[in-house]
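Here is a short tour of one protein model. Keep the sequence and the 3D view at hand as you read.

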Amino acid sequence: MRSKIVVGNWKLNGSLAGNEALLKALLRDIPRENPAACAVCVPSPYLAQVRALLEGSGIAWGAQDLSRFDQGAYTGEVSGRMLVELGCRYVIVGHSERRTIFGETDALAAQKYVAARNAGLTPIFCVGETLQERERGEMQSVLARQVDALLHAYGAVGLERGIVAYEPVWAIGTGRTATAAQADEAHAFIRGRIAAKDEAVARQLPILYGGSVKAANAAELFAMPNVDGGLVGGASLVAQEFVAIWRAALVR
Ligand code: PEP
């Protein structure tokens with residue numbers, strides 16, 4: 001059985017003082033040994049601070065993006081190798097904000113996924129349709145296109161130690177959450193697409209739901225057979241909310 005994972009995405013938020021207060025509050029409630037994995041993906045400048053506070057705890061950490069390059073003349077980039085040096089386990093790849101605001105393509109997201117895996121990180125590969133795409137009945141074709149970019153770049157075996165996050169763009173930061181049934185349907189479609197290439201890889205692949213996950217809706221979402229936890233934006237900045245979401249992942 002797949003175990004659950006709850007990952008916070010702090011986005012472009014944080015301060016040295018605020019991070020410390022938030023993480024100390026999380027550490028009071030999330031024990032070292034815990035059956036549902038928990039992580040925070042923070043802005044890269046804070047990784048050293050986060051590492052110092054979380055090392056040896058039950059909370060892992062990661063970044064929100066990485067370069068497709070390992071090193072060289074690429075001003076402003078941060079490589080997977082650097083993230084590993086800072087103790088990261090996870091990195092978010094292809095988040096819809098990177099795709100829509102920064103113009104990342106399916107191909108670039110797939111290249112970043114490969115770079116993350118080559119560095120030894122666990123990439124969290126985000127996919128999801130916009131509201132217009134859903135209303136046009138294109139949810140499945142969009143997900144297929146995004147997942148196929150990854151399958152073409154790396155093959156199904158590349159998903160063996162990765163994570164996929166289904167994040168319908170219309171639900172991110174909007175307060176509008178997919179229903180548990182909508183999330184499960186999309187997750188089942190993604191799993192099926194990968195199963196067509198490699199059944200065993202698809203069966204063990206964690207697929208997280210992201211999009212306005214809150215304490216109030218987490219349990220219902222996480223109870224669905226294809227939902228293996230959550231990628232949590234806004235609610236991960238509030239200790240009590242994030243802990244409650246993580247607790248919802250403890251109950252199968
Ligand atoms: C996200 O940023 O990945 C996300 C799901 O954000 P929110 O939970 O705020 O919708």
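A residue is near a molecule when one of its heavy atoms lies within 4 Å of it. The model is predicted, so local features need pLDDT of at least 70 and side-chain atom pairs pLDDT 80 or more, while totals for chains, interfaces and linings use all residues. Residues are numbered from 1 along each chain as its sequence is written, and side-chain values use heavy atoms, without hydrogens and water.

**The ligand site**

Which residues are closest to the ligand? Of the 14 residues that surround the ligand, the closest are Lys11, Glu167, Gly173, Ser212 and Gly233.

| Residue | Residue atom | Distance to a ligand oxygen |
|---|---|---|
| Lysine 11 | polar side-chain atom | 2.7 Å |
| Glycine 173 | backbone N or O | 2.6 Å |
| Serine 212 | backbone N or O | 2.8 Å |

Lysine 11 sits in the loop between S1 and H1. Helices (H or I, at least four residues) and strands (E, at least two) are DSSP runs, numbered from the N terminus. The phi of lysine 11 is positive, near 55 degrees, and lysine 11 is not a glycine. Serine 212 also has a positive phi, about 55 degrees, without being a glycine. Serine 212 lies in the loop between strand S7 (207-210) and H10. Is serine 212 buried or exposed? Serine 212 counts as buried, because its relative accessibility is 15%; buried means under 20% relative accessible area, exposed over 50%, and partly exposed in between (1.4 Å probe, protein chains only).

**Two pockets**

On a 1 Å grid over the protein atoms alone, a pocket is an open set of points where a 1.4 Å probe fits, with protein on both sides within 12 Å along at least five of seven lines; lining residues have an atom within 4 Å of a point. Grid points are joined across faces, edges and corners, and a volume is the space filled by probe spheres set on the points.

The second largest pocket has a volume of about 190 Å³. Its lining has 16 residues, with Gly173, Ser212, Val232, Gly233 and Gly234 nearest the centre. The lining divides into five nonpolar, eight polar and three charged residues. Here Ala, Val, Leu, Ile, Met, Phe, Trp, Tyr, Cys and Pro count as nonpolar, Asp, Glu, Lys and Arg as charged, and the others, Gly among them, as polar.

The largest pocket has a volume of about 510 Å³. It is lined by 21 residues, and Pro43, Gln64, Asp65, Arg98 and Phe102 lie nearest its centre. Ten are nonpolar, six polar and five charged. Helix H4 (residues 96-101) gives the largest share of this lining, three residues.

Serine 96 lies in H4. Serine 96 is buried, because its relative accessible area is 10%.

**Buried side chains**

Lysine 112 belongs to helix H5 (residues 106-119). Lysine 112 counts as buried because its relative accessible area is 5%. Its side chain makes a polar contact with the side chain of glutamate 104 at 2.6 Å. Contact means heavy atoms within 4.5 Å. Leaving out residues up to four places away in sequence, lysine 112 touches Asp65, Leu66, Ser67, Arg68, Val93 and Glu104.

Arginine 191 is part of helix H8 (residues 180-195). Arginine 191 is buried, because its relative accessibility is 9%. A polar atom of its side chain lies 2.8 Å from the backbone oxygen of alanine 202.

Tyrosine 209 is in strand S7. Tyrosine 209 is buried, because its relative accessibility is 0%. Its side chain reaches the backbone oxygen of glycine 211 at 2.8 Å. Tyrosine 209 and leucine 231 are 22 residues apart along the chain, yet their C-alpha atoms are separated by 6.0 Å.

**Helix H11**

The buried residues of helix H11 (residues 239-248) are Ala239, Phe242, Val243, Ile245, Trp246 and Ala248. They pack against strand S1 (5-9), helix H1 (16-29), strand S2 (37-41), helix H10 (215-222) and strand S8 (229-232).

How values were computed:
Polar contact = N/O pair within 3.5 Å; in protein donor to acceptor, adjacent residues only side chain to side chain.
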